[in-house]
Amino acid sequence: EPGPRKVRFGSQRLQLDETSSTNTVAWEMADQGRLAEGGIVIAARQTQGKGRRGRRWESPAGGLWLSIVLYPELQVRDVVPLSLVFALAVACALQRFITAPVKVKWPNDVLLGGKKVAGILLEINTEFDMIKYVVAGIGVNVNLRAEDLPAALRDQATSLYLETGQEFDLEAVLSAILAELEKAYARYLETGFKGLRRQFMERCAHFGQPVTVHTQGRDLSGIDQGIDDHGCLRLKLKDGRLVRVTAGDVMPG
Ligand code: BT5
């Protein structure tokens, strides 16, 4: 049949009270063939929540901590932009609940009031060049209070509650997120990042700004020239050279 098959996100759901990391659980389940495409693992709390590159993700009660498993028929290099696609989808979902602008920060952050409200962790299991499965971890600070986060994070992290003074129904936020993720994923399979690039740039917190990108052990400073059709960040360096970065951390200035 023509067109990519449509999957429902969250139709299979493992709900846990507390776990180490939903990404770890989803990875093991996928490995054992126990998690279908679009299946999710979700926990009320994580004791070993993971960020990128071995970093820790604070996951107290009050947030949404979930992982989705996917079996895309894509090359590894075409899976990498999914972290941008999913960050955009989460931003769009959160925007349904609040009026303040929800922004994205390349490659995997969602920002509210300039602070991180959500992050994406993509883990890819490959065999040679083939993808066995992808686990997309999504963490959203929904009803977290200031004291739920370590003091050192308080000037860079926020929650929907901290920005609005309102509590949100976790199930309602979850369904909005799953619906947006599903839509963005289908679109990505159809058009590639090309079809989502414009939308990403419109929500991007740093487009046109001076930034420093930490990538492959070094810092590159320049002006953000936007994201290309493959999801790479284009940077104009001080010496005028234009470089493309595939992964890294963006800081202002
Ligand atoms: C991320 O990493 O942003 C990926 C976060 C993915 C979390 C989800 S939760 C469900 C699933 N299971 C997991 O174990 N993980 C996924 P990165 O860009 O590396 O950002 C990590 C950095 O963000 C840390 O080093 C802190 O500085 C900061 N941070 C930690 N916890 C935070 C939180 N709850 N809110 C905002 N910032 C946080």
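**View 1. The shell around the ligand, sorted by residue type.** The residues of this shell divide into eight nonpolar, 13 polar and five charged; here Ala, Val, Leu, Ile, Met, Phe, Trp, Tyr, Cys and Pro count as nonpolar, Asp, Glu, Lys and Arg as charged, and the others, Gly among them, as polar. Before you look further, note that this is a predicted model, in which local features need pLDDT of at least 70, side-chain atom pairs count only at pLDDT 80 or more, and totals for chains, interfaces and linings use all residues. Residues are numbered from 1 along each chain as its sequence is written. Of the 26 residues around the ligand, Ser21, Gly51, Gly119, Gly137 and Gly139 come nearest; a residue is near if its C-beta atom, placed from the backbone, lies within 6 Å of the molecule. Two or more residues of the shell come from each of helix H1 (22-31), strand E3 (64-70), strand E6 (115-127) and strand E7 (130-140). E6 gives the most, with four residues. Helices (H or I, at least four residues) and strands (E, at least two) are DSSP runs, numbered from the N terminus.

View 2. A residue is buried if 20 or more other C-beta atoms lie within 10 Å of its own, exposed if 12 or fewer, and partly exposed in between, with C-beta atoms placed from the backbone. Look for Thr22, Asn23, Val25, Ala26, Trp27, Met29 and Ala30, the buried residues of H1. They pack against strand E1 (13-19), E2, E3, E6 and E7. Just after the helix, glycine 33 takes a positive phi of about 70°.

**View 3. Lysine 50 in its loop.** You will find lysine 50 between strand E2 (40-46) and E3. Lysine 50 is buried, with 20 other C-beta atoms within 10 Å. Leaving aside its neighbours within four places in sequence, lysine 50 is in contact with Ser21, Asn23, Trp57 and Leu121, where contact means that two C-beta atoms, placed from the backbone, lie within 7 Å.

**View 4. Serine 175 on helix H5.** Serine 175 is found in helix H5 (residues 170-191). With 14 other C-beta atoms within 10 Å, serine 175 is partly exposed. Serine 175 and glycine 10 are 165 residues apart in sequence, yet 8.7 Å apart in space, C-alpha to C-alpha.

**View 5. H3 crossing H5.** Two packed helices are described by the angle between their axes and the distance between the axes. The axes of helix H3 (residues 82-95) and H5 come within 8 Å and cross at roughly 140°; axes are lines fitted to C-alpha atoms, for helices over the stretch in contact, and angles run from 0 to 180 degrees between N-to-C directions. That makes H3 oblique to H5, since angles under 35 degrees count as roughly parallel, over 145 as roughly antiparallel, 65 to 115 as roughly perpendicular and the rest as oblique. On the H3 side, the contact is made by Leu82, Val85, Phe86, Leu88, Ala89, Val90, Cys92 and Ala93. H5 contributes Ala176, Ile177, Glu180, Leu181, Ala184, Tyr185 and Tyr188. By type, the residues of this contact divide into 14 nonpolar, no polar and one charged.

**View 6. H5 meeting H6.** H5 and helix H6 (residues 194-203) pack at an angle of about 130°, with their axes 7 Å apart. That makes H5 oblique to H6. Ala184, Arg187, Tyr188, Glu190 and Thr191 of H5 make the contact with Lys194, Gly195 and Leu196 of H6. The residues of this contact divide into three nonpolar, two polar and three charged.

View 7. Most residues other than glycine have a negative phi, and most peptide bonds are trans. The peptide bond from tryptophan 106 to proline 107 is cis, with omega near -5°, and proline 107 lies in the loop between strand E4 (102-105) and strand E5 (109-112). Phenylalanine 128, in the loop between E6 and E7, has a positive phi of about 55° although it is not a glycine. Phenylalanine 128 is exposed, with 4 other C-beta atoms within 10 Å. Glutamine 216, not a glycine either, has a positive phi of about 45° and lies in the loop between strand E8 (210-215) and strand E9 (218-227). Glutamine 216 counts as exposed, with 10 C-beta neighbours inside 10 Å.
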